[in-house]
Number of protein chains: 4
Amino acid sequence: MIRVSIVGASGYTAAELFRILSVHGEVELAGAYALRNAGRRVSEVHPNLKGIVDMVIEAADYDRIAGSSDVVFAAVPHKVPMTFVPRLLNSGVRVVDLSADYRFDDVSVYERYYTKHESPEVRGVYGLPEIYREKIRRANLVANPGCFPTAAVLSLAPLVKERLIDLDHIVVDAKTGTSGAGATPTEATHHPTIGASVRPYSVLSHRHAPEMDQELSKLAGRAVRVSFTPHLIPIVRGILSTAHVFLNRNLGREDLLEIYRKFYAGEPFVRILDVLPEVNFVLGSNYCDIGLAVDGEGRAAVIAAIDNLMKGASGQAVQNMNIMFGLDESEGLRGAPMRP
Amino acid sequence: MIRVSIVGASGYTAAELFRILSVHGEVELAGAYALRNAGRRVSEVHPNLKGIVDMVIEAADYDRIAGSSDVVFAAVPHKVPMTFVPRLLNSGVRVVDLSADYRFDDVSVYERYYTKHESPEVRGVYGLPEIYREKIRRANLVANPGCFPTAAVLSLAPLVKERLIDLDHIVVDAKTGTSGAGATPTEATHHPTIGASVRPYSVLSHRHAPEMDQELSKLAGRAVRVSFTPHLIPIVRGILSTAHVFLNRNLGREDLLEIYRKFYAGEPFVRILDVLPEVNFVLGSNYCDIGLAVDGEGRAAVIAAIDNLMKGASGQAVQNMNIMFGLDESEGLRGAPMRP
Amino acid sequence: MIRVSIVGASGYTAAELFRILSVHGEVELAGAYALRNAGRRVSEVHPNLKGIVDMVIEAADYDRIAGSSDVVFAAVPHKVPMTFVPRLLNSGVRVVDLSADYRFDDVSVYERYYTKHESPEVRGVYGLPEIYREKIRRANLVANPGCFPTAAVLSLAPLVKERLIDLDHIVVDAKTGTSGAGATPTEATHHPTIGASVRPYSVLSHRHAPEMDQELSKLAGRAVRVSFTPHLIPIVRGILSTAHVFLNRNLGREDLLEIYRKFYAGEPFVRILDVLPEVNFVLGSNYCDIGLAVDGEGRAAVIAAIDNLMKGASGQAVQNMNIMFGLDESEGLRGAPMRP
Amino acid sequence: MIRVSIVGASGYTAAELFRILSVHGEVELAGAYALRNAGRRVSEVHPNLKGIVDMVIEAADYDRIAGSSDVVFAAVPHKVPMTFVPRLLNSGVRVVDLSADYRFDDVSVYERYYTKHESPEVRGVYGLPEIYREKIRRANLVANPGCFPTAAVLSLAPLVKERLIDLDHIVVDAKTGTSGAGATPTEATHHPTIGASVRPYSVLSHRHAPEMDQELSKLAGRAVRVSFTPHLIPIVRGILSTAHVFLNRNLGREDLLEIYRKFYAGEPFVRILDVLPEVNFVLGSNYCDIGLAVDGEGRAAVIAAIDNLMKGASGQAVQNMNIMFGLDESEGLRGAPMRP
């Protein structure tokens, strides 16, 4: 059994990790750590887990974590992982970091959008298995992608890689549930504020945009910058990401679907649909559903749906762990999406 | 024109007062006061009011308020009004207090459920116009009822007054929107927590229960204690209050409806329905809609729907002000409910 | 492997059965049947199941079903199962019927609330494992309970059985998600109608009331009739059922919790909480969470939360099948609840 | 008093017209017409209007309508108005048509997207007051704009007219509430389907796109085609429309805001915001709120929020009527938006 510890046990991505790992046949939960809530049971903080994960949360002691864990999920906000990840790696513990700390090839990009980096010399593998599976297999540190980049990059990769679209006019318009904002109440996620509303935010300035740009640029072999805008909508879970693109050549819907089916052939968690994806096709699962439309005059829209806490965070993190440890990639992730 | 000031301009009940007063033909807004947000415009805090109420919010100066106002709405949490209401009354300013501070005939009840009272000698009139209209007319201080008591008392008054039900087994089960919890984000109203859930709270211990008991006891002429439990549900506005009662005598649905129609004959804001009320029959309006069912074996359910910010708070407050100043009781409150 | 067929493949309870069975290690899906949608794949009708259940739906042929199945889930509306269940039983196929057709000991009650019964001689075992586990083990026909009775009976059983409450004044006020109304669009479940509203329905006249009465009466050893009213609220899944009762003797909250813990000791799917249940403690799982409050003056409220499609329908149906076939009762049902 | 009749009294836009007109000081309601629901009271169909509009709905008799009305609102689906509007116009009755029947300058465009036109010789004035106020003043027939074009055209007009953006790469991504789909239940608006989901639809093929193209082309003085995709989200009311554009020249956010403020100076129902619009800034009102962001590298996003039943339909229809009859343009439309 692989010994797993979770740092940041109070948050939603941790709650989701506990949920997934409770049906994972190859791991044992070694420890749950958090500053806030130390001393409380996991199931007191996440009451859905009562009788399932009743372990007591402790304040993090990295020596002890290192001694008791084969792998650690860092489920804390950016800036925190870089304070302890190098230590864990040095102790031979492997890490899946759900924050942005190790996602960027170019540390200066990270520093422009986030904060000063304290361990710029440590490099992670970008944890998008559909693109980096082989590197993930050998990685000691996987930087789990952001939720929006996961949806956007998967929806655009085939078109960008083949340069089938105008790379200078890519628009990604995303709609996200409120759980993406985390467990701390804020005015933006206050139910009276958002429960019957829609809220655009970080318009053209979201920190996930440079992450998309990095990955799409590598796929294209040239610099790509998307025009990215997210919107908060009154659903709890789920992201629907619509990529609006302009085709370079005369391709019909079936042509494109065929390109996508080939690109993602054999992928356990990407489903190419004949219909248009909706958020509740994937809720609770690790799937990224992709569908598309064209208008016959060069415009296309590629739509991806994910559960932001699963393929957009904890599900993908476990998928990455499975790959790192040579397990069946779907272990712990076989639950079908919940609909209605 | 009646000069109106609002203390507590940052909150939702204030926002609703501004909304109502902006179409009220007999008042002018003299001042908007709040600690938090002093220096900002009302429309910065409540962006729906841009171009409608752009007045700058100021820190409260009660001498100035007294000099510039004919009436003050106290739209602040309990405990605060009692610190300034006596002063305003002494200056000849009339007050509608939306908090609980002056709702109780017996100060010891207030002190048991809330806090020590600092001006127990000051008495307000309980602002339920359907029962106390004449007293409100002459009142200098109106204690605007709580949202749950408004719905519960209106739904039960005819039965209790005529003693048509078993007064020892009255159950009130209420479902409320999240705006009732106010503008400050909390875990209970965090969208990921409540957006797809239902949350019972203050079960059998809510502070609005003694308020219901007080009013129903007066109507019955004997002590009445209801079994009251509210539930938070994922709607922004509205309360649906279901009173489960046991009839003393053999009365059919039509008999009861007739009793209600008579009891509320001529009331501008109580509608007795042939169908069962739903929350969106009343949204945005000052109506309390009442409907009912019986089972032919002595059980009855009386259901009331209100908009918690209107008849449950600010709408009723303006209705009270209209009565106090001899205006048409519906002035400012004529907008029809919004549905869908 | 147990061969399972599902009749009524188009509906929501079938979708949920497919979802559960897709991770059940002891069954194989033998067939999916429905009139509507015959010829389409399960995953075309339930797009969440793409790549998981792609079997083609067929029109029901009961001879073939009998020959190919060890157990059949009847996931069709009442009145339909009684037309084919006797035939299946005669062929030696065991049946879990999710409709009301075989829930009543007294057929005349069924006929009063539903319709004329065509096979009144056939008897099912009421499929509430916490009460009838031994009978279920030996049953060929299990009548899966209604969603509201599941929550209400589990929340009341300990009190009723021990006669700790006034059996003549039991009020059950339930709040349900819209998925309970089924997959066919209606005005009641039209999003503009219910999306920001609350709708009481079948007040004091719901067909699940006599089912509660039957089970509670058997537990009490005397006739019990509850005052039951459900409310439709804008959540997709989940039921929160609040039982308002009056205690016979002086019992505190801890006394009652202890009674509940003992009554349900060892039950895999009933959790007695120290806190009050909320719908999202159980979503996607087969748990029934129970919590309670008392007021020190004889009033108590016992609150139960279930996922209406799981413990309220398909989850309980699989639990029953597991018991009938001597499997681990939790097989297929181990997924933790999803929260947020 | 202007005598107003409403054809299509069963629908949501009619419900909203009744709501608006009930506080309009210059009109009297002459008649309410509908096939479905003839014989029922308006308030039976729209229970929010009980005691406000209790008039009986009748089957349409156009001679009688013509004799009793100064203006008729056609609140029926496209294809129906063209069967009766010419007759009303010939009788000297003025018409505001909320359908698409008379929105297109080029009938062949209408026929490509809708159906064969039966009165192609009749011409309406496109009812966007911010652009066509003078023509509306003199019009006998106003074609009230679609909800999406209202938001999109208002958000893009200043940029398109001044050709400040790349006219070949305009993307409009809209999020709409479910009330836009009308009062008839469908699978798309079934609460279990959409209540926790997002649904893209008519991707790159919505019938409102040619309407946007027509109006933007006229503003630009050249052919413009937008890439338009709407998404259904789980709110009842409101549209948030995000226009993603590429600037032609180096303009900052303040430059653009200044252009918008000038373009819409004096407009009673367009508010240019310093912040980003959210749906609940405008709910229940006739405002179109516009805000924007730029990224300093040529990308901009212009966001507009409207209430789809107000500025997107019935509110704008009354605004048009007010202009046609020389009334204060805001009459009946002064209610402030409802937030929270």
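Asn37(D) is placed in the loop that runs between β2 (27-33) and α2 (42-45) of chain D, where helices (H or I, at least four residues) and strands (E, at least two) are DSSP runs numbered from the N terminus. The phi angle of Asn37(D) is near 80°, a positive value in a residue other than glycine. Asn37(D) counts as buried because it has 20 C-beta neighbours inside 10 Å; a residue is buried if 20 or more other C-beta atoms lie within 10 Å of its own, exposed if 12 or fewer, and partly exposed in between, with C-beta atoms placed from the backbone.

The model is predicted, and local features need pLDDT of at least 70, side-chain atom pairs count only at pLDDT 80 or more, and totals for chains, interfaces and linings use all residues. Residues are numbered from 1 along each chain as its sequence is written, while chains are lettered from A and ligands numbered from 1 in the order in which they are written.

In chain C, Asn37(C) occupies the loop between β2 (27-33) and α2 (42-45). Asn37(C) has a positive phi of about 80° although it is not a glycine, and with 20 C-beta neighbours inside 10 Å it counts as buried. A cis peptide bond, with omega of about 5°, links Arg339(C) to Pro340(C), and Pro340(C) belongs to the segment after α11 (310-324) of chain C. In chain D, Arg339(D) and Pro340(D) are likewise joined by a cis peptide bond with omega of about 5°; Pro340(D) lies in the segment after α11 (310-324) of chain D.

Chain A contains 11 helices and 13 strands. Its radius of gyration, taken over C-alpha atoms, is 19 Å, close to the 20 Å given by the globule rule for 340 residues, so chain A is as compact as a globular protein of that length. The globule rule is 2.2 Å times the number of residues to the power 0.38. The C-alpha trace of chain A spans about 60 × 45 × 35 Å along its principal axes. Of the 340 residues of chain A, 61% count as buried. Two residues are in contact if their C-beta atoms, placed from the backbone, lie within 7 Å; among contacts in chain A between residues at least 6 apart in sequence, 69% join residues at least 24 apart.

An open sheet of seven strands with mixed pairing is formed in chain C, in the order β8-β9-β7-β10-β13-β12-β11. Two strands pair if DSSP finds at least two bridges between them. The edge strands, β8 and β11 (270-272) of chain C, each pair on one side only. Strands β12(C) and β13(C) run antiparallel and are joined by seven bridges; Val294(C) has Ala300(C), in β13(C), as its bridge partner. Helix α7 (residues 147-161) of chain C packs on the sheet and touches β7, β9, β10, β11, β12 and β13 of chain C, its direction making about 35° with that of β10(C). Axes are lines fitted to C-alpha atoms, for helices over the stretch in contact, and angles run from 0 to 180 degrees between N-to-C directions.

Between chains C and B, 37 residues of chain C are in contact with 37 residues of chain B. Elements of chain C that each supply at least two residues of the side touching chain B include β7 (171-176), β9 (227-232) and β12 (288-294). The largest share of that side, four residues, comes from β10(C).
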